[in-house]
Amino acid sequence: MKCMEPIQGLSKARRKLWGNPQNVISWAFMKQLREHNETRKVYACNPYIEVYQFRDNLYGLFNQNCDGAGDVWQWLIVGPEKCLLVDTAFGLGDMKALVDEISGGKEIIVVNTHDHFDHAFGNCRFGRAYCHESLVPLLEAQNEHMWDYLWDKKTGETIWLDFDKKDLPKFKPYEIIGVPDGYTWDLGKGYLVELINSNGHGGPGASMYLDHSNKILFPGDNICSDISGCGNVSYPIEECSLYKYRECVRRLVSRIDEIDAIFPMHFICDLESRMLEDVLECLNAILEDPEHNYDFVTETINPNDVNGPKRIRFSRYIKGFSIISYSITEKEEPPVPSAIRALSK
Ligand SMILES: [Fe+2]
């Protein structure tokens, strides 16, 4: 039985081991894209990242995940005067040189969707990163040992992905600037990108970014063709992360004329925005009765904590798309910085 047959991509890194099997539709999309897309390119300054062009000024920087979870996108918008980079992955290879080469050396504005390993560990490659103000303390916990869990302590070999240790960043403190919901950046000549505080995946500081010119929404990990893990349920329900995320989706649906396409951070991208209405319908059904309005239950391992306790997850299908998965917990736990979680693996 075939399961995640290797994709013949151009990245220098080689996959050794995966965590949980990934969704077959996502895998088929990535196989076609990575093996046949005419825009795919690898630059000599960073042989780990495959670059794909999706619009005149929008580039997808495809990174293989350094641990066993799904491969990850970074999105680069090249504006008239400045460029904006959504997320920094694990920081593998010289990312700054790559962005400089694609943008022609324009000033780089780095923003984060959330602080997870595969989204923000590369921040220190850049001198400054912006995020929602609630995310600042999580990013401040980053440290020089946060990548150590990628190595087997006995053999000294990487566990999941084969790459050169010297190509990860040497951690150095960088400026972290928190901004409020609705903050916008001007990339020149009125080219605006807006931060939308989403909650959900990544906690209270998680954010989406809306490119007003291309009418593209970057939703972080809240929308994903594999599994959309966009918050959990606890009581009182109005205080839980899934409920707060639903409020965000309601606002997005009310602004649907401002959004043409959705580019998540993993797997299938360039989704039509009409799917937001189906996401809202799914969230409404779950929140009406989380303990019964699911389609199936699974016990999963956390790919970032394979020896940890199994998680009971409830899942409900989003019409025409993937699933929303959630746990039901007694109370809402504040997020632990990924850079701290990494130390205990
Ligand atoms: Fe992720």
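Leaving aside its neighbours within four places in sequence, which residues is Leu 76 in contact with?

A: Happy to look at that with you. This is a predicted model, in which local features need pLDDT of at least 70 and side-chain atom pairs count only at pLDDT 80 or more, while totals for chains, interfaces and linings use all residues. Residues are numbered from 1 along each chain as its sequence is written.

Beyond its neighbours within four places in sequence, Leu 76 is in contact with Tyr 59, Leu 61, Cys 83, Leu 85, Val 99 and Ile 102; contact puts two C-beta atoms, placed from the backbone, within 7 Å. Leu 76 belongs to the largest nonpolar core, which has 87 residues, and is listed with Ile 77 and Leu 84 as having the most contacts inside that core. Such a core is a set of buried Ala, Val, Leu, Ile, Met, Phe, Trp, Tyr and Cys residues joined through C-beta atoms within 7 Å. Buried means 20 or more other C-beta atoms within 10 Å of a residue's own, against 12 or fewer for exposed and partly exposed in between, with C-beta atoms placed from the backbone.

Now for the wider setting. Of the 345 residues in the chain, 45% are buried. Among contacts between residues at least 6 apart in sequence, 63% join residues at least 24 apart. The chain has seven helices and 19 strands, which are DSSP runs (H or I, at least four residues; E, at least two) numbered from the N terminus.

Strands count as paired when DSSP finds at least two bridges between them. E13 runs antiparallel to E12 (residues 192–197), with five bridges joining them, and Tyr 209 is the bridge partner of Leu 195. Three bridges join E13 to E14 (residues 216–218), again antiparallel, and here Asp 211 is partnered with Ile 216. Four residues lie between the strands of the E13 and E14 hairpin, where Lys 215 takes a positive phi near 55 degrees.
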